[in-house]
Amino acid sequence: MEGPSHTERQQSAPDLHDGRGFSREALDALREVASIGAGHAATALSEMSGQRTMISVPLVAVLARTALPERVSALSERIASVVIQLDGDLAGSTLFLLPYNVALRLTGFMMGRRVSGWGELEESALKEAGNIISAAYLNAIAEFLHIRLLNAPPSLVMDSPDRILGDAEVALAQGGESVICVESEFRLANDTLPLHGLFLMLPDAQSLRRMLAAVNVA
Amino acid sequence: MAQTVLICDDAIFMRSMVGKILTGAGFQIVGEAETGRQAVERYKALRPDLVTMDIVMPDMGGIEAVKEITAYDPTARILMCSAMGQQSLVVEAIQAGAKDFVVKPFQPSRMLEAVQRVLG
């Protein structure tokens, strides 16, 4: 089995941010935290799948919440979403979004067999994968900002982008107007297709200010 | 006689996975819990040799459950199994009374090593 030390980074890519209150230095710091989180997520994927995992340099964007529907619709027509409420020193929520076919494949890696439909165990496996990958990002943020972050148990929705965002409305409403969007692509050694997904963090206004202050002095 | 285990995790997938790892190593799974409160109740009823404990669970979190279990039985042997591997949480769990901590996801060998450390 290939261990996490075999995790590698592939080509760099331009960022998509529009700033939204983040200085260039703060965005650089945020990008670094996202890279560390993506590295942890790749390590987690490697552990879960037993395969060497490569990651692209994540694209980090700070978007207005109103830009979310367009961004999420671009991912796929059918999406699996693992939603987690934040607890601890930051408030808000995270969404881990995968195209439906990627969700099936990721669940297959978790279960060690091909998955073509959803029973209780398959849904639990996907929820746990989303939970573990989200935790990889949250742990990186917590360690970087020297804070304590916890999360509520995850919930899973599989539907169209519109309905996904509709169902997440309560979680979204608790967030502020800015969304931190990390787009990453993982490639497992024994699979020709990449696993492509979005990690969205929606801190409430106070939490965003706290993050901004921390990365601006980092 | 096989040593007994109570598995506490809100995800059925993780309970199933941990159960397979430990059963394969000769342990007997005597119970499962999906919430921290269930974990405390089932510990008192079952008195297992080992508890595996998630942190994030509905109703009552794992760290709170560890505090209640060790208040009831200071000799309880509890292994934390959580994706939230932040140093502050590891320290908090150990201070609450957990004997060791493995970060999810984990390979079976890493979990079994931790189990052996906890059981001494």
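Start by selecting Glu92(B). This residue is partly exposed, with a relative accessible area of 22%. The model you are viewing is predicted. The side chains of Arg148(A) and Glu92(B) meet in a salt bridge, 2.8 Å from N to O. This pair crosses between chains. Arg148(A) sits in the loop between helix H4 (120–145) and strand S6 (149–151) of chain A, while Glu92(B) sits in helix H4 of chain B. Arg148(A) is partly exposed too, at a relative accessible area of 26%.

**Stop 1: the whole interface**

Widen the view to both sides of the contact. Chain B gives 23 residues and chain A gives 25 residues. Together the two chains bury about 1,900 Å² between them. Carbon and sulfur atoms account for 61% of that area. Which three residues supply more of the area that chain B buries against chain A than any other three? Select Phe13(B), Gln86(B) and Pro105(B): they supply 32% of it.

Next, look at the links across the interface. Three salt bridges are found between chain B and chain A. There are also 10 residue pairs in polar contact, both residues at pLDDT 80 or more. On the side of chain B that touches chain A, color helix H1 (12–24) and helix H4 (87–96) of chain B: these are the elements that give two or more residues. By class, this side of chain B has 13 nonpolar, six polar and four charged residues.

**Stop 2: a network of charges**

Select Glu128(A), Asp9(B), Asp54(B) and Lys104(B). These four are linked in a network of salt bridges. Over all chains, the count of salt bridges comes to 13.

**Stop 3: one step along from Lys104(B)**

Stay with Lys104(B) and show the backbone. The peptide bond from Lys104(B) to Pro105(B) is cis, with omega near -5°. Pro105(B) lies in the loop between S5 and H5 of chain B.

**Stop 4**

Now pick Asp100(B) and Arg117(B). Their side chains meet in a salt bridge of 2.6 Å, N to O. The pair links distant parts of the chain, 17 residues apart. Asp100(B) belongs to strand S5 (residues 100–103) of chain B, and Arg117(B) to helix H5 (residues 108–119) of chain B. Arg117(B) is exposed, with a relative accessible area of 52%.

**Stop 5: a loop residue in chain B**

Select Asp59(B). Its phi is near 75°, a positive value in a residue other than glycine. Asp59(B) lies in the loop between strand S3 (50–53) and helix H3 (62–72) of chain B. With a relative accessible area of 55%, Asp59(B) is exposed.

**Stop 6: a loop residue in chain A**

Switch to chain A and select His146(A). This residue has a positive phi of about 55° although it is not a glycine. His146(A) is found in the loop between H4 and S6 of chain A, where Arg148(A) also lies. His146(A) is exposed, at a relative accessible area of 74%.

**Stop 7**

Select Arg71(A) and Glu183(A). They form a salt bridge, with the closest N and O atoms 2.3 Å apart. Arg71(A) lies in helix H2 (residues 68–73) and Glu183(A) in strand S8 (residues 178–188) of chain A, so the pair ties together parts that are 112 residues apart in sequence. Buried means under 20% relative accessible area. Arg71(A) counts as buried at 17%, and Glu183(A) counts as buried at 13%.

**Stop 8: helix H1 and what follows**

Select residues 24–49 of chain A. This is helix H1, with 26 residues. At 1.5 Å a residue it should span 38 Å; the end C-alpha atoms are 36 Å apart, which agrees. Step just past H1(A) to Gly50(A), which takes a positive phi of about 70°.

Finish at Thr53(A), in strand S2 (residues 53–55) of chain A. At 0% relative accessibility, Thr53(A) counts as buried. Show the polar atoms around its side chain. The side chain of Thr53(A) reaches the backbone oxygen of Gln51(A) at 3.1 Å. The backbone nitrogen of Ser46(A) lies 3.4 Å from a polar atom of that side chain.

Technical notes. Residues are numbered from 1 along each chain as its sequence is written. Chains are lettered from A and ligands numbered from 1 in the order in which they are written. Side-chain values use heavy atoms; hydrogens and water are left out. Helices (H or I, at least four residues) and strands (E, at least two) are DSSP runs, numbered from the N terminus. The expected span of a helix is 1.5 Å times one less than its number of residues. Contact means heavy atoms within 4.5 Å. Buried area is the accessible area (1.4 Å probe) that two parts lose on being put together, summed over both. A polar contact is a pair of N or O atoms within 3.5 Å; within protein, one must be able to donate a hydrogen and the other to accept it, and residues adjacent in sequence count only if both atoms are side-chain atoms. Ala, Val, Leu, Ile, Met, Phe, Trp, Tyr, Cys and Pro count as nonpolar, Asp, Glu, Lys and Arg as charged, and the others, Gly among them, as polar. Buried means under 20% relative accessible area, exposed over 50%, partly exposed in between (1.4 Å probe, protein chains only).
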